[in-house]
Amino acid sequence: MSWWHTAPMIIGTFLESYDMTGKEIYPFTQSASMDTEQFDNSIAFVRENAGAATVHDGLFTRPSDTEGIDAYLSANGLIQ
């Protein structure tokens, strides 16, 4: 979901182009150089462009944090 420390404009264009009513969005990113403020700004950007979709709290992690990734997926009912 990120490109050069932010959600790329193509994400906003995609979200604005479709009726997202009733859809659930689970944003996530892994980055070696992004910080939490940049991630929070990206989540806000997604929420602003997602229309009537439900944008859940996102996951900002390192790829090596498999326990954190599994916990996020499990907590959101995306895996069992």
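Mentor: The radius of gyration is taken over C-alpha atoms, and the globule rule is 2.2 Å times the number of residues to the power 0.38. What stands above is a predicted model, in which local features need pLDDT of at least 70 and side-chain atom pairs count only at pLDDT 80 or more, whereas totals for chains, interfaces and linings use all residues. Residues are numbered from 1 along each chain as its sequence is written, and side-chain values use heavy atoms, with hydrogens and water left out.

Trainee: What radius of gyration does the chain have?

Mentor: Along its principal axes, the C-alpha trace of the chain spans about 35 × 30 × 15 Å. For 80 residues a compact globule would come out near 12 Å, and the chain agrees with this, its radius of gyration being 13 Å.

Trainee: Which pattern does the chain follow when read along the sequence?

Mentor: The chain has three helices and four strands, where helices (H or I, at least four residues) and strands (E, at least two) are DSSP runs numbered from the N terminus. Read along the sequence, these elements follow the pattern α-β-β-α-β-β-α.

Trainee: At what angle do helix H1 and helix H2 pack?

Mentor: Helix H1 covers residues 9-17 and helix H2 residues 36-49, and their axes, lines fitted to C-alpha atoms over the stretch in contact, lie 8 Å apart. Between their N-to-C directions, on a scale from 0 to 180 degrees, the two helices pack at an angle of about 25°. That makes H1 roughly parallel to H2, a class for angles under 35 degrees.

Trainee: Which residues of H2 make the contact with H1?

Mentor: Contact means heavy atoms within 4.5 Å. On the H1 side the contact is made by Met 9, Ile 11, Gly 12, Leu 15 and Glu 16, and on the H2 side by Phe 45, Val 46 and Asn 49.

Trainee: How does Phe 39 count, as buried or exposed?

Mentor: Phe 39 is found in helix H2, and its C-alpha atom is separated by 20 Å from that of Gly 51, twelve residues away along the chain. Because its relative accessibility is 6%, Phe 39 counts as buried.

Definitions and conventions. Parallel < 35°, antiparallel > 145°, perpendicular 65-115°, else oblique. Buried < 20%, exposed > 50% of the residue type's maximum accessible area, 1.4 Å probe, protein only.
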